[in-house]
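Please keep the sequence and the model at hand while reading.

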Amino acid sequence: MTFFPFFVLYIGKISLAFQGSFNLRKPLSFCTCFAKQSFDTGDASLPNEGLWNQKKYPIGNPNTRSINGIEGSSVEDQNEWLDKAREAFRSKNFVHLPDILPKAAFDLLLDEINSIPQSCHYRSPSVHNILLADDIDPEHRSVEGDNTSEAEKRAKEIVTRLKQESRKSLIAYDQFGEKSILCRFYNSEELIRFVSFLVLDRKADEKIFRSGDEIGGAYVNIFHEADSLGWHFDRSRFFVNLILQNPAGGGEFEYTWKENGCGSSPTFAELEKVLTDKESENESFVRKVPMKPGSLIIFCGSKAMHRVTPVTSNTPRINAIFTFEFEPDVVLNDYTRETFFGR
């Protein structure tokens with residue numbers, strides 16, 4: 001959710017694939033794995049075809065013509081779900097895909113996470129503003145586009161000076177072996193084809209690239225009891241989020257959005273009401289996304305302010321983030337690397 005653009009896909013039935021909760025021990029206060037230290041995670045015996053639910057979400061099948069340059073995604077039985085996903089992304093700012101991972105891949109991914117030593121879980125307590133920057137960026141436009149009224153400018157200055165608190169544990173990309181389910185799913189053709197179809201303008205000459213960052217390309221967030229993610233906008237345009245475990249209480253994903261036809265983000269003046277708890281019941285802009293384990297969600301976090309509410313149970317909230325960019329070899333800025341990965 002990091003603060004990178006991402007997609008989150010939820011698989012409802014997969015939440016029944018394992019008994020009980022995935023219980024990690026209490027978080028350490030710091031990480032001792034500062035250097036790259038990949039662990040032998042993953043099961044190479046699971047074929048790549050077992051990483052994507054092709055029956056429910058067919059994409060990339062051979063011998064079919066292409067949509068938007070994406071081979072194998074334009075036959076009739078594939079068009080329906082792809083078109084619905086694109087429409088949801090345009091109007092609601094997110095896409096929710098339940099049951100994206102087959103059961104075997106889902107179980108193996110949880111095992112991978114459990115196999116990585118606690119000493120390599122970086123605790124990331126931080127205080128930040130909603131723009132995730134040291135200072136207010138004078139080039140950052142209003143969330144309403146060209147709205148530059150004096151009232152909006154004042155509201156922007158107010159809300160970007162309000163401090164937000166975040167606290168969670170992270171497992172960086174370089175802690176996972178290249179055969180791991182996490183790395184293989186991130187590098188799968190199915191995922192990048194879907195993301196490309198979803199976010200690219202059909203008329204624009206754009207491409208989607210996986211991140212070039214060795215620690216932030218893909219990573220795992222673990223929210224223990226009392227952990228949360230404060231209100232913020234992502235600095236990247238979207239993110240891909242795979243939900244692996246929900247807590248028994250709290251840990252809800254919330255975002256601000258106007259449901260007015262095509263949908264849009266509230267103005268900074270309206271966001272001020274959200275951040276200062278001055279919203280009235282009939283003008284609330286806060287939306288909630290029901291997240292079930294095994295679901296993939298793609299969310300445009302640069303357009304909508306969002307957060308994860310505090311976890312109120314002993315069972316942690318666990319999700320994986322996959323980062324994509326519109327340019328090749330993009331890496332984290334120093335502020336984000338230090339704040340959220342401690343490097």
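**Briefing on the predicted model**

Ser 196 is found in helix H5, which covers residues 189-199; helices (DSSP runs of H or I, at least four residues) and strands (runs of E, at least two) are numbered from the N terminus. The model is a predicted one, in which local features need pLDDT of at least 70 and side-chain atom pairs count only at pLDDT 80 or more, while totals for chains, interfaces and linings use all residues. Residues are numbered from 1 along each chain as its sequence is written, and side-chain values use heavy atoms, with hydrogens and water left out.

**Surroundings of Ser 196**

- Ser 196 is buried, at a relative accessible area of 12%; buried means under 20%, exposed over 50% and partly exposed in between, with a 1.4 Å probe and protein chains only.
- A polar atom of the Ser 196 side chain lies 2.7 Å from the backbone oxygen of Ile 192.
- Such a polar contact is a pair of N or O atoms within 3.5 Å; within protein, one must be able to donate a hydrogen and the other to accept it, and residues adjacent in sequence count only if both atoms are side-chain atoms.
- Ser 196 and Phe 209 are 13 residues apart along the chain, and their C-alpha atoms are separated by 8.9 Å.

**The chain as a whole**

- The protein chain contains 7 helices and 18 strands.
- Of its 343 residues, 56% are buried.
- Its accessible surface comes to about 15600 Å², and carbon and sulfur atoms account for 47% of that area; the areas come from the Shrake-Rupley method with a 1.4 Å probe, and for residues only the protein chains shown count as cover.

**Packing of helices H3 and H6**

- Helix H3 (residues 150-160) packs against helix H6 (residues 268-275) at an angle of about 35°, and their axes are 8 Å apart. Axes are lines fitted to C-alpha atoms, for helices over the stretch in contact, and angles run from 0 to 180 degrees between N-to-C directions.
- On the side of H3, the contact is made by Glu 152, Ala 155, Lys 156, Ile 158 and Val 159. On the side of H6, the residues are Phe 268, Ala 269, Leu 271, Glu 272 and Leu 275. Contact means heavy atoms within 4.5 Å.

**Buried polar side chains in strands**

- Ser 169 belongs to strand E8 (residues 169-171) and is buried, with a relative accessible area of 1%.
- The side chains of Ser 169 and Arg 123 make a polar contact at 2.9 Å.
- Gln 164 lies in strand E7 (residues 164-166) and is buried, at 11% relative accessible area.
- The side chain of Gln 164 reaches the backbone nitrogen of Trp 231 at 3.3 Å.
- Beyond its neighbours within four places in sequence, Gln 164 is in contact with residues including Ser 126, His 128, Trp 231 and Leu 275.

- Asn 93 has a positive phi of about 75°, although it is not a glycine.
- Asn 93 sits in the loop between helix H1 (76-92) and strand E4 (94-97), and it is buried, with a relative accessible area of 2%.
- Asp 329, also a residue other than glycine, has a positive phi near 60°.
- Asp 329 is in the loop between strand E18 (324-325) and helix H7 (334-341). With 65% relative accessibility, Asp 329 counts as exposed.
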